[in-house]
Amino acid sequence: MFTMKERRAVYVFLRGLKHVEQLKKFGDISYISKRMGYVELYLNEDDVEKTVDKLNQYRFVKTVKVSPRPDIDPDLDDVHDDVFFEAYDQAQEDVEKDRSDEKSADLKGQSRVKLAKQTGQSKGQSEAKLAEPTDQGQNQPPKKNNRQDDGQQDLQTDDKAHVLAEKGGKS
């Protein structure tokens, strides 16, 4: 009966491609890259270590790399789906939170409009009243923001003769 033999890919990087014919005695050549300068050999699993040691002894061989594919578990049983979808779930939660915040903001805006309708005021008046501070008992003078305003107020309070004297005019 026919039984399959375990095989492994070995990549042999060469200094020149004229020595490719010598590699045929080690295993089956499946691919030759002229551009990258390597040869892909398939070897029996039992002979891989011996063959790699022999290949490294040749002067025309730069490096030999053995494929790790047979050692990798294809089932990925130990990896949980949570790892893959954790970032996606977090993004979905953030989107839902933003939507709920927008809905609550819309409801607050609607309640302001309803309040204005109940009191018989227009929308602009109700928003202006809601924006005003409720501390009406404190009468504080307005704050001065610009230096130009300070100068204009000084001019208004000074008498006319004093202003003309500063400008160099006659009274």
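**Exercise 1. Aromatic pairs**

Task: State how many aromatic pairs the predicted model holds, and work out how the rings of Tyr 11 and Tyr 38 are arranged.

Solution. 
- Step 1. The count comes to five aromatic pairs in this predicted model.
- Step 2. The ring centres of Tyr 11 and Tyr 38 are 6.1 Å apart, and their planes meet at 70°. Centres within 6.5 Å make a pair, and planes over 60 degrees apart count as edge-to-face. The pair is therefore edge-to-face.
- Step 3. Tyr 11 belongs to strand β1 and Tyr 38 to strand β3, so the pair ties together parts that are 27 residues apart in sequence.
- Step 4. Tyr 11 has a relative accessible area of 26% and is partly exposed, whereas Tyr 38, at 19%, counts as buried. The cut-off for buried is under 20%.
- Step 5. Tyr 11 and Tyr 38 also belong to one aromatic cluster, together with Phe 13 and Tyr 31.

**Exercise 2. A pair between two loops**

Task: Classify the ring pair of Phe 26 and Tyr 58, and say where in the chain each residue lies.

Solution. 
- Step 1. The centres of the two rings, Phe 26 and Tyr 58, are 5.9 Å apart and the planes are at 75°, so this pair is edge-to-face.
- Step 2. Phe 26 sits in the loop between β1 and β2 (28–33), and Tyr 58 in the loop between α1 and β4. The pair links distant parts of the chain, 32 residues apart.
- Step 3. Phe 26 counts as buried at 18% relative accessibility. Tyr 58 is partly exposed, with a relative accessible area of 27%.

**Exercise 3. The nonpolar core**

Task: Describe the largest nonpolar core and the contacts of Leu 14.

Solution. 
- Step 1. The largest nonpolar core has 15 residues. Those with the most contacts inside it are Val 10, Val 12, Leu 14, Leu 23, Leu 41, Leu 55 and Val 64.
- Step 2. β1, β3, α1 and β4 are the elements that give two or more residues to this core.
- Step 3. Leaving aside residues up to four places away in sequence, Leu 14 touches Val 20, Leu 23, Gly 37, Val 39, Phe 60, Val 61 and Lys 62.

**Exercise 4. Tyr 42**

Task: Locate Tyr 42 and list its contacts.

Solution. 
- Step 1. Tyr 42 lies in strand β3, and at 32% relative accessibility Tyr 42 counts as partly exposed.
- Step 2. Beyond residues up to four places away in sequence, Tyr 42 touches Arg 7, Arg 8, Ala 9, Gly 27, Asp 28 and Ser 30.
- Step 3. Tyr 42 and Tyr 31 are 11 residues apart in sequence and 9.8 Å apart in space, C-alpha to C-alpha.

**Exercise 5. The whole chain**

Task: Give the order of helices and strands along the protein chain and the share of its residues that count as buried.

Solution. 
- Step 1. The protein chain has five helices and four strands, in the order β-β-β-α-β-α-α-α-α.
- Step 2. Of its 171 residues, 16% count as buried.
- Step 3. The protein chain exposes about 15400 Å², of which carbon and sulfur atoms supply 48%.

Definitions and conventions. Residues are numbered from 1 along each chain as its sequence is written. This is a predicted model: local features need pLDDT of at least 70, side-chain atom pairs count only at pLDDT 80 or more; totals for chains, interfaces and linings use all residues. Side-chain values use heavy atoms; hydrogens and water are left out. Buried means under 20% relative accessible area, exposed over 50%, partly exposed in between (1.4 Å probe, protein chains only). Contact means heavy atoms within 4.5 Å. A nonpolar core is a set of buried Ala, Val, Leu, Ile, Met, Phe, Trp, Tyr and Cys residues joined through side-chain atoms within 4.5 Å. Accessible areas come from the Shrake-Rupley method with a 1.4 Å probe; for residues, only the protein chains shown count as cover. Rings of Phe, Tyr and Trp (its six-membered ring) pair if their centres lie within 6.5 Å; planes under 30 degrees apart count as stacked, over 60 as edge-to-face and the rest as tilted.
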